[in-house]
Amino acid sequence: MTVESGKRQDYIDWDEYFMAVAALAAKRSKDPHTQVGACIVNEQNKIVSTGYNGFPLGCSDDEFPWQRDGDFSMTKYAYVCHAELNAILNNSGQNLKACRIYVVLFPCNECAKAIIQTGIKEVIYLSDKYAKSPNMQASRRMLEAASVKMRQLKVKHKSLTVNLDAEACE
Ligand SMILES: O=c1[nH]c(=O)n([C@H]2C[C@H](O)[C@@H](COP(=O)(O)O)O2)cc1CO
Ligand SMILES: [Zn+2]
């Protein structure tokens with residue numbers, strides 16, 4: 001195919017861009033097992049907020065447990081704030097009605113409740129590794145009932161490199 005304008009062809013599309021932003025946010029997570037990132041986008045394709053899984057403000061990553069097993073209060077599950085909820089709470093007061101949320105992992109039932117209640121209309125996800133768990137099934141059921149669209153993203157670019165070497169930009 002000839003492209004008369006001579007524009008670059010290997011650019012990423014909107015879906016890949018926003019999912020990559022979610023994946024980059026996930027890099028901030030201190031969770032040693034699963035790093036999740038989320039990116040909320042409005043109808044004008046503007047990023048409204050991002051978030052990743054982490055402990056609430058004031059709860060030190062070095063003092064609270066990152067363990068998966070043991071007494072509930074000694075595991076991360078008692079404390080960690082999910083990426084989707086953080087993204088919802090991090091937005092600077094904008095109405096999230098009709099926004100989309102890009103997440104690297106399909107949202108759990110608790111995040112699904114927050115997604116529905118804020119009016120987000122579509123969930124775009126990459127991994128569905130916990131699809132069989134009861135809380136993911138409950139999540140799917142609620143999102144379906146609330147007519148929130150769900151779509152697993154099939155990407156053209158499986159890996160993207162971000163070069164932070166100043167000399168590489170020259
Ligand atoms: O929707 C989600 N969003 C999210 O941020 N998380 C976080 C919570 C935990 O820190 C981690 C899941 O940990 P694990 O895979 O070890 O059970 O991912 C988990 C889910 C799905 O359960
Ligand atoms: Zn969740």
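Student: Is Cys111 buried or exposed?

Tutor: Cys111 counts as buried, at 3% relative accessibility; buried means under 20% relative accessible area, exposed over 50%, and partly exposed in between, with a 1.4 Å probe and protein chains only. This is a predicted model, in which local features need pLDDT of at least 70 and side-chain atom pairs count only at pLDDT 80 or more, while totals for chains, interfaces and linings use all residues. Residues are numbered from 1 along each chain as its sequence is written, chains are lettered from A and ligands numbered from 1 in the order in which they are written, and side-chain values use heavy atoms, with hydrogens and water left out.

Student: Where is Cys111 found, and what does it touch?

Tutor: Cys111 is found in helix 3, residues 109–118. Helices (H or I, at least four residues) and strands (E, at least two) are DSSP runs, numbered from the N terminus. Not counting residues up to four places away in sequence, Cys111 touches His82, Glu84 and Leu85, where contact means heavy atoms within 4.5 Å.

Student: Which atoms are the protein donors of the zinc ion?

Tutor: The donors to the zinc ion (ligand 2) are ND1 of His82, SG of Cys108 and SG of Cys111, lying 2.0 to 2.2 Å from it. Donors are N, O and S atoms within 2.8 Å of the metal (3.2 Å for Na, K and Ca); water is not among the atoms, so sites may look incomplete. The sequence spacing of the donor residues is H-x25-C-x2-C.

Student: What does UniProt place at these residues?

Tutor: An unreviewed UniProt entry places the feature "binding site" at His82, Cys108 and Cys111. These residues span 30 residues in sequence, yet no two of their C-alpha atoms are more than 8.9 Å apart, so they gather at one spot. UniProt positions are given in the numbering used here, feature names are shortened, and annotations may be inferred rather than shown by experiment.

Student: How accessible are His82 and Cys108?

Tutor: His82 is partly exposed, with a relative accessible area of 32%, whereas Cys108 counts as buried at 8% relative accessibility. His82 is found in the loop between strand 2 (47–52) and helix 2 (83–90). Apart from residues up to four places away in sequence, His82 touches Tyr52, Asn53, Cys108 and Cys111.

Student: Changing topic, what surrounds ligand 1?

Tutor: Ligand 1 is surrounded by 18 residues, the closest being Thr34, Lys76, Tyr77, Glu84 and Tyr130; a residue is near a molecule if one of its heavy atoms lies within 4 Å of it. Oxygen atoms of ligand 1 lie 2.8 Å from a polar side-chain atom of His33 and 2.6 Å from a polar side-chain atom of Lys76. A polar backbone atom of Ala83 is 2.9 Å from an oxygen atom of ligand 1.

Student: Which residues of helix 2 are buried, and what covers them?

Tutor: In helix 2, Ala83, Glu84, Asn86, Ala87 and Ile88 are buried. Their cover includes strand 1 (37–41), strand 2, strand 3 (100–105) and helix 3.

Student: And Ser139, what does it contact?

Tutor: Leaving aside neighbours within four places in sequence, Ser139 is in contact with Phe106, Pro107, Cys108, Asn109 and Ala112. Ser139 lies in helix 4, residues 134–145, and is buried, with a relative accessible area of 0%.

Student: How many helices and strands are there in the chain?

Tutor: The chain has four helices and five strands, running α-β-β-α-β-α-β-α-β from the N terminus on. Of its 170 residues, 37% count as buried.

Technical notes. Polar contact = N/O pair within 3.5 Å; in protein donor to acceptor, adjacent residues only side chain to side chain.
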